[in-house]
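Please open the structure in your viewer and keep the selection tool at hand. This tour goes from one place to the next, saying what to select and what is there.

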Amino acid sequence: NSVYFFARTAGAFVGGVLMMKYSEYKFYAYSIWLALLGLLLMLFSQQLWAVFIATAIFGIGYANLFSIIFSLALKRVPEKMNEVSALLISGIFGGAILPPIIGVVTDWFHSQSAALVLLIVVWLYMIVILKKVKHTKSVQS
């Protein structure tokens, strides 16, 4: 957990700087591919140090995804800022549900790899919305 959250913190800081240089779409795309790299490395790593590195790569990849989606949603419908904020923040509840589900899947299959497959399903959703991210522009533009 410490490796993951340290990487997310560092990724959020570096991401804030990089977002000034790259478009939201490019940064989002780079981030999800970096997260996939981390997931795949975790899936195939046998050494503890390799798992730590893969976890850090995954954390850096996922560090800015929520903030990108949040800002795009607010740009899309700025007149409904309160509703969009409430809806997206309620999505954080998913972060409270997923870890127990991952635990159940791990126990059921007696393998951490099964949990990683579940995370890959979440990653696939991020790929599905990639096209929406590319075509999201503010209503005023």
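A residue counts as buried under 20% relative accessible area, as exposed over 50%, and as partly exposed in between, with a 1.4 Å probe and protein chains only as cover. This is a predicted model, in which local features need pLDDT of at least 70 and side-chain atom pairs count only at pLDDT 80 or more, while totals for chains, interfaces and linings use all residues. Residues are numbered from 1 along each chain as its sequence is written, and side-chain values use heavy atoms, with hydrogens and water left out.

Select Lys 75 to begin with; it is partly exposed, because its relative accessible area is 38%. Helices are DSSP runs (H or I, at least four residues), numbered from the N terminus.

**Along helix α4**

Stay in helix α4 and select Phe 70. Which residues does Phe 70 touch, not counting those up to four places away in sequence? They are Ser 85, Leu 88 and Ile 89, where contact means heavy atoms within 4.5 Å. From C-alpha to C-alpha, Phe 70 and Ile 89 are 8.9 Å apart in space, although they are 19 residues apart in sequence.

**Helix α3 and its cover**

Next, select residues 48-62, which make up helix α3; its 15 residues reach 21 Å from the first C-alpha to the last, close to the 21 Å expected at 1.5 Å a residue. The expected span is 1.5 Å times one less than the number of residues. Among the buried residues of α3 are Ala 50, Ala 54, Ile 57 and Phe 58, and what covers the buried residues of this helix includes α1, α2, α4 and α7.

**Aromatic rings**

Rings of Phe, Tyr and Trp (its six-membered ring) pair if their centres lie within 6.5 Å, and planes under 30 degrees apart count as stacked, over 60 as edge-to-face and the rest as tilted. By this rule the count comes to 7 aromatic pairs. Select Trp 33 and Trp 123, whose ring centres are 5.3 Å apart and whose planes are at 65°, so the pair is edge-to-face. This pair links distant parts of the chain, with Trp 33 in helix α2 and Trp 123 in helix α7, 90 residues apart. Trp 123 is buried, because its relative accessible area is 5%, whereas Trp 33 counts as partly exposed at 46%. To end this stop, select Tyr 4, Phe 5, Phe 58 and Tyr 62, which form one aromatic cluster.

**A nonpolar patch**

Finally, select Phe 13, Val 14, Val 17, Leu 18, Met 20, Tyr 22 and Tyr 30, which form a nonpolar patch on the surface with about 740 Å² of accessible area together. Such areas come from the Shrake-Rupley method with a 1.4 Å probe, and a nonpolar patch joins side chains of Val, Leu, Ile, Met, Phe, Trp and Tyr within 5 Å, from residues with over 30% relative accessible area and no salt bridge. Helix α1 gives the most to this patch, with 4 residues, while Tyr 22 lies in the loop between α1 and α2.

Key. Patch = residues over 30% accessible without salt bridge, like charges linked within 9 Å, V, L, I, M, F, W, Y side chains within 5 Å. Salt bridge = Lys/Arg side-chain N within 4 Å of Asp/Glu carboxyl O. Helix = DSSP H or I, 4+ residues; strand = E, 2+ residues; numbered from the N terminus.
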